Amino acid sequence: MKVAVFSTKVYDRHFLSAANSLTQHELVFFEPRLNRDTAILAAGFPTVCVFVHDQVDAPTLELLASWGTRLVVLRCAGFNNVDLQAAADLGITVVHVPAYSPYGVAEHAVGLILSLNRKIHRAYNRVREGNFSLDGLLGFNLHERTVGIVGTGKIGLILGKIMKGFGCNLLAYDVYHNPELEALGGKYVELPELFANSDIISLHCPLIPETHHLINTEAIKQIKSGVMLINTSRGALIDTQAVIEGLKSGKIGYLGVDVYEQESELFFEDLSGEIIQDDIFQRLTTFPNVLITGHQAFFTVEALYNIAETTFANIADLEQGHPCANEIRAQPSV
């Protein structure tokens with residue numbers, strides 16, 4: 001099958017080509033992101049493969065359909081960048097990779113926690129400049145601290161296991177209770193209780209209308225003063241302007257994020273020689289108690305192998321007329 005692969009970097013080409021050595025699809029790699037302006041590149045391709053920041057909206061899908069595309073393959077878990085209803089109306093099937101790096105993402109969240117707590121990022125820069133002063137580097141023991149985990153699927157559960165190993169107490173919030181987390185001693189509570197009693201809050205839930213700006217001005221009023229807030233899930237779970245006010249007031253003591261709600265204009269690109277126009281993002285970078293990474297939590301060897309293998313397994317299922325467990329459809333309107 002001919003597959004147009006958008007938003008490709010060197011590592012995408014390497015892992016996808018390696019996984020394709022057995023399936024022998026005709027892969028054509030495009031560095032630009034898919035949108036209504038670049039969709040012409042996919043003319044004549046029955047399948048397009050996209051990533052988190054490709055714009056698979058209705059106008060783009062209409063163009064793709066007019067040129068013969070019948071399958072959109074996401075090589076990521078999130079699909080909020082796809083108009084699923086438009087895809088269904090146009091007869092385009094959409095599949096994704098629901099789980100590819102739960103350990104990688106959970107471990108990255110722990111890395112943010114440790115770095116923020118012990119100021120490792122600041123100490124690294126000091127030592128390189130010959131400054132060995134400990135002033136301003138004071139941290140706290142994780143042992144017996146309370147970690148609030150919002151979203152207890154695969155990633156949230158793994159984070160719970162790791163933090164339990166540090167001797168932390170676990171609070172959790174999810175619509176569905178995970179018995180494995182409860183077996184660890186995790187206690188499910190409502191969000192206000194989790195906010196009020198957690199020393200560290202880590203977000204691991206999907207971005208849906210109900211979770212958009214989950215951390216907002218009202219939520220920040222409820223949180224324990226000095227809380228550490230971690231987000232390795234979706235940028236728009238956090239109202240960034242509200243969080244900035246929380247940082248300025250001291251209500252939020254630490255912020256570690258691997259995602260940002262306007263990241264599509266920033267992440268995965270080298271902008272070191274340019275003037276970044278996003279004033280809100282630039283304000284975030286001025287805080288000494290904020291640590292930002294550029295959507296790299298998923299970025300492990302194991303994850304890229306899993307993404308590539310699952311991507312081609314999804315294509316194979318549909319090519320052979322088999323049901324695909326990773327197909328995603330528009331939810332019926334209530």
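A cavity is here a set of grid points where a 1.4 Å probe fits but cannot get out. I keep that definition in view throughout these entries, and I note at the outset that the model is predicted.

**Entry 1**

The largest cavity contains about 80 Å³ of space. I listed its lining as Asn231, Gly235, Ile238, Thr240, Val243, Leu255, Val257, Val259, Tyr260, Glu261 and Leu284. Two elements, helix 10 (240-249) and strand 11 (252-257), each give two or more residues to this lining. Sorted by class, the lining of the largest cavity has seven nonpolar, three polar and one charged residues.

I then turned to the second largest cavity, which holds about 30 Å³ of space. The residues around it are Val3, Val5, Leu16, Leu27, Cys49, Thr311, Phe312 and Ile315. Strand 1 (2-5) and helix 12 are the elements that give two or more residues here. Which element gives the most to the lining of the second largest cavity? I found that helix 12 does, with three residues. By class, the lining of the second largest cavity divides into seven nonpolar, one polar and no charged residues.

**Entry 2: helix 1 and helix 12**

The axes of helix 1 (residues 10-23) and helix 12 (residues 301-319) come within 9 Å and cross at roughly 45°. Helix 1 and helix 12 are therefore oblique to each other. I recorded their crossing as right-handed.

On the helix 1 side, the contact is made by Tyr11, Phe15, Leu16, Ala19, Asn20 and Thr23. Helix 12 contributes Val301, Leu304, Tyr305, Ala308, Glu309 and Phe312. I counted the classes in this contact as nine nonpolar, two polar and one charged. Leu16 and Phe312 are among the contact residues, and both also belong to the lining of the second largest cavity.

**Entry 3: helix 4 and helix 6**

Helix 4 and helix 6 pack with their axes 8 Å apart, at an angle of about 50°. Helix 4 and helix 6 are therefore oblique to each other. Helix 4 passes helix 6 in a right-handed crossing.

From helix 4, I noted Pro102, Tyr103, Val105, Ala106, Glu107, Ala109, Val110 and Ile113 in the contact. From helix 6, the partners are Lys154, Ile155, Ile158, Leu159, Ile162 and Met163. The contact of helix 4 with helix 6 has 12 nonpolar, no polar and two charged residues.

**Entry 4: the largest pocket**

I then moved to the open spaces. The largest pocket has a volume of about 1300 Å³. Its lining comprises 42 residues, and those nearest its centre are His204, Cys205, Pro206, Leu207 and Ser233. The elements that give two or more residues to this lining are helix 4 (102-118) and helix 6 (154-165). Helix 6 supplies the largest share of the lining, three residues. I recorded the lining of the largest pocket, by class, as 25 nonpolar, 12 polar and five charged residues.

**Entry 5: the second largest pocket**

How many residues line the second largest pocket? I found 20, of which Val52, His53, Asn80, Glu261 and Glu263 lie nearest its centre. The volume of the second largest pocket is about 410 Å³. Its lining residues divide into five nonpolar, 10 polar and five charged. I marked Glu261 for cross-reference: Glu261 is one of the residues nearest the centre of this pocket, and Glu261 also lines the largest cavity.

Definitions and conventions
Residues are numbered from 1 along each chain as its sequence is written. This is a predicted model: local features need pLDDT of at least 70, side-chain atom pairs count only at pLDDT 80 or more; totals for chains, interfaces and linings use all residues. Side-chain values use heavy atoms; hydrogens and water are left out. On a 1 Å grid over the protein atoms alone, a cavity is a set of points where a 1.4 Å probe fits but cannot get out, and a pocket is an open set with protein on both sides within 12 Å along at least five of seven lines; lining residues have an atom within 4 Å of a point. Grid points are joined across faces, edges and corners, and a volume is the space filled by probe spheres set on the points. Helices (H or I, at least four residues) and strands (E, at least two) are DSSP runs, numbered from the N terminus. Ala, Val, Leu, Ile, Met, Phe, Trp, Tyr, Cys and Pro count as nonpolar, Asp, Glu, Lys and Arg as charged, and the others, Gly among them, as polar. Axes are lines fitted to C-alpha atoms, for helices over the stretch in contact, and angles run from 0 to 180 degrees between N-to-C directions. Angles under 35 degrees count as roughly parallel, over 145 as roughly antiparallel, 65 to 115 as roughly perpendicular and the rest as oblique. A crossing is left-handed if the near helix is turned anticlockwise from the far one by less than a right angle, and right-handed if clockwise. Contact means heavy atoms within 4.5 Å.
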